[in-house]
Amino acid sequence: MGKPPSQEVWFGLLVSFLLCLVLLCLNYSTSWGANNGIDLSMSKQVRPIGVTKINDTEDSCSDRYIYIHEDLPSKFNSDFLINCKSISAGISSSSTPSMCPDLVNLGLGPKIENSDGVLANESWFITNPYLLEVIFHNKMKKYECLTSNSTLASAIYVPFYTGMDASVHLWDSNLTIRDSSAKNLVKWLSGQPEWKKMWGRDHFFVSGRTSWDFRRVRDNSSEWGSKLRFLPESMNMTMLSMEGSLWKNDIAIPYPTSFHPAKDSEVVQWQNRVRQQERPNLFAFVGAPRPHLQGSIRGKIIDHCQASTTCKFLHCGENNCHNPVNIMRVFQSSVYCLQPRGDSDTRRSAFDAILAGCIPVFFHPATAFSQYLWYLPKNHTKYSVFIPVRDVKDLKEEGIIEKVLQGISKDRELAMREEVIRTIPKLVYADPGSRLDTPDAFDIAVQGILERIENVRKVIREGRDPSIGFAEVDGTKFTFPDTVD
């Protein structure tokens, strides 16, 4: 048996082992850091307080951030909801009942429980179109690119319920009272730090009424409307409403219909349904005469419809139109739907017709063609029929409407209907409690306003005057075309 190793040898082996172990650990830590993208020389740096690590990918909300003036005094919005019993549900001060029942379901109104097989799913409501501003606000609260830092915002949203305010004050003979909310609003806004960034040209608000309700030209109590849109500060802002005006900072967005889908599949299901619908009526009209409106062609429209065996007429004066089921039943069974001007140039009925897959027939360019530029095809012949009527006398020929519609080929009819059905997703406001993958009317409005404001910024960057063209009058906007396609 050999001699055992000495203590010196054992000690040397131990030291060698420990030295190798240290070198091995150092090499591993360096390799791990390199392989995981860590600069060890910076490992002791501390991230500043309040700064969070962000992904290296591009910010998906870049140029899309919106700041809501949630600090707007409650008298401009939520107070109207609280005091809804004093607000009429209709367009006039004498209309009844109150607005309260219409405010349920985030402004969509009561759900339609029984549609008698006319509607396809549960996403249908009895929606008051004058609550557009409330629906829009509730959808904006869920917008994916909201910011609480106004310096990051590309646009400033002002949640002023202009329509509800108008329902309270619009008929007041005292102009001071009628204009008080408008003046108080612009005074408050112009005193906020956000205002000075672009002097209001990045601000926008939404109205559940037509633009004309806020453009009183003269200070005469017999004149209609408030002067909100003629106040200097307001002229620097953009208003989205159900009907635009001749001024370029009044932009039309769709009337709310009764369909507020919660899923994309519900939209597809509805499109397939109206595509396959049998349509025994050549044309239809849903509405009531307007004998008090000078130059109204509604009476003649009704005469033409009732004189035809191929036309279906639903008289709204008999309260048949409060229930959307009655309207959709008529429109779904008709190929063409007549859309003369209403109390103003536009009508919610036009959107109900498109929703039903019924090809709209317009008689004036201001009813749709020159209004909803962000939404409808530029070539109106793709989705509608235009019968220009400048005067009631233009409809004196017996059966002229029926003759025009009968002269349209089947191929063109099918092509127009398909274009109408293709347009449906862009014209509905999805349930505020959900979000669709397909852009709805709200998404398109937001995209449109962001692009409009970015164009103003470009003008400013180029050293030009941003006021030029921003709120100018377009005198040709609602004129009849020289030729009809």
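**Notebook: a walk through the model**

I started, a bit out of order, with one arginine: R348 counts as buried, because its relative accessibility is 17% and the cut-off for buried is under 20%. I then looked for its partner and found a salt bridge to D352, with the closest N and O atoms 3.5 Å apart. D352 counts as buried too, at 6% relative accessibility.

A reminder to myself: this is a predicted model.

**Entry: the overall count**

I stepped back to the whole protein. I counted up 14 helices and 10 strands in its secondary structure. The protein has 485 residues, and buried ones make up 51% of them. I also checked how far along the sequence the contacts reach. Taking contacts with a separation of 6 or more, I got 73% from residues 24 or more positions apart.

**Entry: salt bridges**

How many salt bridges does a search of the whole structure find? I got 23.

I picked out E144 and R435, which form a salt bridge with their closest N and O atoms 3.2 Å apart. E144 sits in the loop between α3 and β2, and R435 in the loop between α13 and α14, so this pair ties together parts that are 291 residues apart in sequence. I looked up how open each end is. E144 counts as partly exposed at 43% relative accessibility, and R435 is partly exposed as well, with a relative accessible area of 44%.

Next I went to E454 and R461, whose side chains meet in a salt bridge at 3.1 Å, N to O. I also noted a network: salt bridges that share partners join R64, E144, R435 and D443. Back at the E454 pair, E454 is partly exposed, with a relative accessible area of 29%, whereas R461 counts as exposed at 58% relative accessibility.

**Entry: helix α13**

I turned to α13, residues 410-427. This helix has 18 residues and reaches 26 Å from its first C-alpha to its last, close to the 26 Å expected at 1.5 Å a residue.

Which residues of α13 are buried? I listed E413, M416, R417, E419, V420, I421, T423, I424, P425 and L427.

**Entry: α3 against α14**

I followed α14 to another of its contacts. Helix α3 (residues 132-140) packs with α14 at an angle of about 80°, and their axes are 11 Å apart. That makes the two roughly perpendicular. On the α3 side I found F136, K139 and M140, which meet F442, A445 and V446 in α14. Sorted by class, the contact has 5 nonpolar residues, no polar ones and 1 charged.

**Entry: helix α4**

Is α4 enclosed or open? I found 7 of the 8 residues of this helix (residues 162-169) buried, so α4 is largely enclosed by the rest of the structure. The buried ones are T162, G163, M164, D165, A166, S167 and H169. I looked for what covers them, and the cover includes α2 (78-82), α3, α5 (175-190) and β3 (203-210).

**Entry: a histidine in a loop**

I checked H380, which is found in the loop between β9 and β10. Buried or exposed, I wondered of H380? At 16% relative accessibility, H380 counts as buried. Leaving aside neighbours within four places in sequence, I found H380 in contact with F369 and F386.

I finished with backbone angles. Most residues other than glycine have a negative phi, so I noted the two below.

D63 is not a glycine, yet its phi is positive, near 70°. I placed D63 in the loop between α1 (7-35) and β1 (66-68), and D63 is exposed, with a relative accessible area of 56%.

L106 has a positive phi of about 60°, although it is not a glycine either. I found L106 in the loop between α2 and α3. L106 is partly exposed, with a relative accessible area of 44%.

How values were computed: Residues are numbered from 1 along each chain as its sequence is written. Side-chain values use heavy atoms; hydrogens and water are left out. Helices (H or I, at least four residues) and strands (E, at least two) are DSSP runs, numbered from the N terminus. The expected span of a helix is 1.5 Å times one less than its number of residues. Buried means under 20% relative accessible area, exposed over 50%, partly exposed in between (1.4 Å probe, protein chains only). Axes are lines fitted to C-alpha atoms, for helices over the stretch in contact, and angles run from 0 to 180 degrees between N-to-C directions. Angles under 35 degrees count as roughly parallel, over 145 as roughly antiparallel, 65 to 115 as roughly perpendicular and the rest as oblique. Contact means heavy atoms within 4.5 Å. Ala, Val, Leu, Ile, Met, Phe, Trp, Tyr, Cys and Pro count as nonpolar, Asp, Glu, Lys and Arg as charged, and the others, Gly among them, as polar. A salt bridge is a side-chain nitrogen of Lys or Arg within 4 Å of a carboxyl oxygen of Asp or Glu.
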